[in-house]
Amino acid sequence: MLTIGICDDNAPLAKRLSAAITAAAAKHNLAVRLQIFTTGDALLASQKPFDVLFMDISMPGIDGLKAAEIIRRRDSRVKIVFLTAYPEYIYRSVSLHIFDYILKPVKPSKIEALLLELADYTTREGQRRTVSLLVHKTLKTFDVEDIYYLERTRRKLRLVTRQEELSFSGTLSQAMEKLQPFDFVYCHKSIIVSLFHIKQLRGADILLDNGEILPLAQKRSASFKKQLHAYIAGSTACIL
């Protein structure tokens, strides 16, 4: 079942969107549970986890961008779909990793296609992506999306994840063989980083969504940016 939240201060539009989702779900035999919020404040106060959030950007009080920023800090997996009549707002969605955006007025055909894509993506995402690395002579398995970066320092590898930091023996090239299929790239001769966790590029600095800053080596800059742009173009993320 997909749990879906709709947040839009235009109540009639929110109801039409809810009806379009319900109709598309019934047509394709998808189970969904819906809840409507008319303010960003109400959505944040609910504290409920959702698989998908359809969010208006321009709302009184806490707008959609700010609400999405707070929600993203709580939940890295929720799929955020922005609703807007102003496409230029999309480019303010720095680091939010949005799934898609819908221009108003909302078309039922767009909702149907998007719902099918969301259902397929959520099913595939449910199959955990993991990688196993040799840590202190023991094979340890990590969820790929939990890994921020891996750094060679003082003849050791330093692994930084959401849960912990580990230091162990090994080579960066061997680790890269396992991590490269999961969108990890070299940003420096001694660092490989997850493209998923990149929030912003600032000159020669790479800002991650955990607040850390990594260096981008000048001689790797062109190749790195090319890979990052390809990742953005081929994924559902929106990174500026």
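## Ground rules

What you have here is a predicted model, in which local features need pLDDT of at least 70 and side-chain atom pairs count only at pLDDT 80 or more, while totals for chains, interfaces and linings use all residues. Residues are numbered from 1 along each chain as its sequence is written, and side-chain values use heavy atoms, with hydrogens and water left out.

## The whole protein

The protein has six helices and 15 strands (DSSP runs: H or I of at least four residues for helices, E of at least two for strands, numbered from the N terminus). Its C-alpha atoms fill a box of roughly 60 × 35 × 30 Å along the principal axes.

Out of 240 residues, 43% count as buried (under 20% relative accessible area; exposed is over 50%, and partly exposed is in between, with a 1.4 Å probe and protein chains only).

## Helix α1

Helix α1 covers residues 11-27, which makes 17 residues.

Which residues of α1 are buried? They are L13, A14, L17, S18, A20, I21, A24 and A25. They cover an arc of only 160° around the axis, so they sit on the same side of α1 (the arc uses directions from the helix axis to the C-beta atoms). The face turned away from that buried side carries the exposed K15, R16, A26 and K27.

## The ends of α1

At the N-terminal end, N10 caps α1, with a side-chain oxygen 3.1 Å from the backbone nitrogen of L13. After α1 comes N29, whose phi is positive, near 55°.

Definitions and conventions: The expected span of a helix is 1.5 Å times one less than its number of residues. A polar contact is a pair of N or O atoms within 3.5 Å; within protein, one must be able to donate a hydrogen and the other to accept it, and residues adjacent in sequence count only if both atoms are side-chain atoms.
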